Amino acid sequence: MAIARKRQVSLVDTKYYHCISRCVRRAFLCGEDRFTGQSYEHRRGWVEDKLLKINKTPNLNFLFKN
């Protein structure tokens, strides 16, 4: 049975968490698909803007690494 996130996350013990999401199909958020040659680079600015907007949410912060 799944455990609720509020019971899994302890900010007292660990202040930083690396959260990921997996997808089974081959899809590109940004960059170039090496199989089709299609570029999804136009999404990069949109994703960055959304993350920066979310980062202003109280109690939710992102650490960005270039």
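This is a predicted model: local features need pLDDT of at least 70, side-chain atom pairs count only at pLDDT 80 or more; totals for chains, interfaces and linings use all residues.
Visitor: How many helices and strands does the protein have?
Guide: Two helices and zero strands. Both kinds of element are DSSP runs numbered from the N terminus: helices are H or I with at least four residues, strands are E with at least two. The helices are α1 (5-8) and α2 (44-54), and Ala-27 sits in the loop between them.

Visitor: Why is Leu-11 called exposed?
Guide: Because its relative accessibility is 56%, and exposed means over 50%, buried under 20% and partly exposed in between (1.4 Å probe, protein chains only). Leu-11 lies in the loop between α1 and α2. Of the 66 residues of the protein, 6% count as buried.

Visitor: What makes Ala-27 partly exposed?
Guide: Its relative accessibility of 45%, so Ala-27 counts as partly exposed. Ala-27 is 13 residues from Tyr-40 in sequence, and their C-alpha atoms are 9.9 Å apart in space.

Visitor: Why do Val-9, Leu-11 and Tyr-17 form a patch?
Guide: Patches are made of residues with over 30% relative accessible area and no salt bridge; like charges are joined within 9 Å, and nonpolar side chains (Val, Leu, Ile, Met, Phe, Trp, Tyr) within 5 Å. Val-9, Leu-11 and Tyr-17 form a nonpolar patch on the surface, with about 280 Å² of accessible area together.

Visitor: How do you know that Arg-44 forms a salt bridge with Glu-41?
Guide: The closest N and O atoms of Arg-44 and Glu-41 are 2.3 Å apart, and a salt bridge is a side-chain nitrogen of Lys or Arg within 4 Å of a carboxyl oxygen of Asp or Glu, so the pair qualifies. The structure holds one salt bridge. Arg-44 is partly exposed at 42% relative accessibility, and Glu-41 is partly exposed at 35%.

Visitor: Which residues is Glu-32 in contact with, leaving aside its neighbours within four places in sequence?
Guide: Gly-37, Gln-38 and Ser-39, where contact means heavy atoms within 4.5 Å. Glu-32 lies in the loop between α1 and α2 and counts as exposed at 54% relative accessibility.

Note on methods
Residues are numbered from 1 along each chain as its sequence is written. Side-chain values use heavy atoms; hydrogens and water are left out. Accessible areas come from the Shrake-Rupley method with a 1.4 Å probe; for residues, only the protein chains shown count as cover.
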